[in-house]
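Colleague: I have a structure here and a few things to ask about it. Can we go through some of the strands and helices?

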Amino acid sequence: MMPASVERTDRPSDQALDLTIMIPAYLEAASLRDLLPLVKAKVMLLTPSFEILVIDTQDPKDDTSAVCALHQVRHIHRSGGNQYGDAIRTGIAAARGRYVLCMDADGSHSPDYFESMWTKRKTWDITIGSRYVEGGHTENPAILIWMSYLVNLTFRLAFNIHAKDVTNSFRLYRSETIKPIKLESNDFDILEELLIKAVTHRPAARIGEVPVTFARRKAGTSKRKLAQFALGYLKTLQKLRRFQNAAKMEMEMETR
């Protein structure tokens, strides 16, 4: 029988919690069977006031809901579409935690890093689990590491984001920082959009990084096509530049 405090944290409620673990999932039931017990064990060491929130596809595509029920975690369906951006928007809107820790469902983000990220919650508004700071590592093939590093470098220089790993989704957010942001991207570039808008508004969000190892997925197939993304990154840069300019104009209007 589970402790009463855990039952309370995983039951839907309007009451604010300390932490939401947000996990977008698309055909990830096989991976979630192994991941969810590890997530629950690690988050219970941080705070008794938490929820684990799995954002599934719009319509059921596998038995993700049954896996979530088995492990007594909160399961919802994304709204607006089945893309990654829809999952992020849905999850942010639904999260009840004062802090939101977003991680992948495929096992590439280890719950072992929860503690190092959580300890920085009052230092930074956004804490990135980083592959590219000292101590960080990735298990991807060399060509993918090189392409990822190039994309990250371009985004850092183009948008003055003071972080080395701007494309990793493994992040701890202060809820009050991200909930007011209107996010428009539908693909994985929503991660860069969020950072751009967070640092453009005033006061600018404080961003920091802690080293993590990005592991190979444990089950299923990847939904992120880095090669396709890298080839089209100029188009993505143009779109994100528009988002940045729009955020600046919005900020100027607010200060008038």
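Colleague: In which sense do E2 and E3 pair, and over how many bridges?

Modeller: E2 and E3 pair in the parallel sense, over four bridges. Strands (E, at least two residues) and helices (H or I, at least four) are DSSP runs numbered from the N terminus, and two strands pair if DSSP finds at least two bridges between them. This is a predicted model, where local features need pLDDT of at least 70 and side-chain atom pairs count only at pLDDT 80 or more, while totals for chains, interfaces and linings use all residues. Residues are numbered from 1 along each chain as its sequence is written, and side-chain values use heavy atoms, with hydrogens and water left out.

Colleague: What stands opposite Asp56 in E3?

Modeller: His77 does. The chain gets from E2 to E3 through helix H3 (residues 64-70), in a right-handed β-α-β crossover. Right-handed means that, with the strands pointing away from the viewer, the path from the first strand over the helix to the second runs clockwise.

Colleague: And how many bridges join E1 to E2?

Modeller: Six, and E1 and E2 run parallel. Ile23 has Val54 in E2 as its bridge partner. E1, helix H2 (residues 29-43) and E2 also make a right-handed β-α-β unit.

Colleague: Switching to helices. At what angle do H4 and H8 pack?

Modeller: Helix H4 (residues 84-94) and helix H8 (residues 190-200) pack at about 50°, with axes 10 Å apart. Axes are lines fitted to C-alpha atoms, for helices over the stretch in contact, and angles run from 0 to 180 degrees between N-to-C directions. H4 and H8 are therefore oblique: angles under 35 degrees count as roughly parallel, over 145 as roughly antiparallel, 65 to 115 as roughly perpendicular and the rest as oblique.

Colleague: Which residues of H4 meet H8?

Modeller: Tyr84, Gly85, Ile88, Arg89 and Ile92 meet Ile190, Leu191 and Leu194 in H8, contact being heavy atoms within 4.5 Å.

Colleague: Last one, where is Leu27?

Modeller: Leu27 is in the loop between E1 and H2. Its phi is near 55°, a positive value in a residue other than glycine.
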